[in-house]
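Colleague: Can we go through this one together? I would like to start with a single residue and then look at the whole chain.

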Amino acid sequence: CIRQIAADAQVRLVVELSNLLKLSATDFDITEDQFNDLKAIQTFQDTEAYISTAVYDFSMVTEVTGTGGGIEETTTSISELLGAEESLMHSIDEKIPKAKLKAVFHIISDLKLTADDLDISER
């Protein structure tokens, strides 16, 4: 269900960014219990169940780019790709002011979701 994916994405975003930026419950103006409840929410369970049964070959990634009428093919190992992603994650901490992210989290924390919004009432 799209609503579940959207809710999972919002929860995962808040949790991952709070870990990355070392934010606490007081940064969101919520109680420690509320923050712990948020962090304890299980997200993307159906998606992860599907992915765990799929078969992938991640040994190499091929990127095809075109410039000036020509085509260039570049092959990158997954370890190089993951290293670039890790570098990007560390640079985010340096580039995004904590005050701006706190404002975004404050807006997200004010959202009121019901069981109907999350489509979990029949579980």
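**Notes on the chain**

Modeller: Asp8 has its place in helix H1. Keep in mind that this is a predicted model.

Colleague: Is Asp8 buried or exposed?

Modeller: Asp8 has a relative accessible area of 7%. Buried means under 20%, so Asp8 counts as buried.

Colleague: Which side chain does the side chain of Asp8 make a polar contact with?

Modeller: That of Gln4, at 2.7 Å.

Colleague: And what does Asp8 touch, not counting residues up to four places away in sequence?

Modeller: Gln42, Thr43 and Phe44.

Colleague: Which residues form the largest nonpolar core?

Modeller: Nine residues: Val11, Val14, Val15, Leu21, Leu23, Ala25, Phe28, Phe35 and Leu38. H1 gives the largest share, three residues.

Colleague: Changing topic. How many helices and strands are in the chain?

Modeller: Six helices and two strands. Along the sequence the pattern reads α-α-α-β-β-α-α-α.

Colleague: What share of the residues is buried?

Modeller: 17% of the 123 residues in the chain. The accessible surface of the chain is about 9,400 Å², and carbon and sulfur atoms hold 56% of that.

Colleague: What about contacts along the sequence?

Modeller: Of the contacts with a separation of 6 or more, 55% are between residues 24 or more positions apart.

Technical notes. Residues numbered from 1 in each chain as written. Predicted model: local features only at pLDDT ≥ 70, side-chain atom pairs only at ≥ 80, totals over all residues. Heavy atoms only, no water. Helix = DSSP H or I, 4+ residues; strand = E, 2+ residues; numbered from the N terminus. Buried < 20%, exposed > 50% of the residue type's maximum accessible area, 1.4 Å probe, protein only. Contact = heavy atoms within 4.5 Å. Areas by Shrake-Rupley, 256 points an atom, 1.4 Å probe, with all protein chains shown as cover. Core = buried A, V, L, I, M, F, W, Y, C linked by side-chain atoms within 4.5 Å. Polar contact = N/O pair within 3.5 Å; in protein donor to acceptor, adjacent residues only side chain to side chain.
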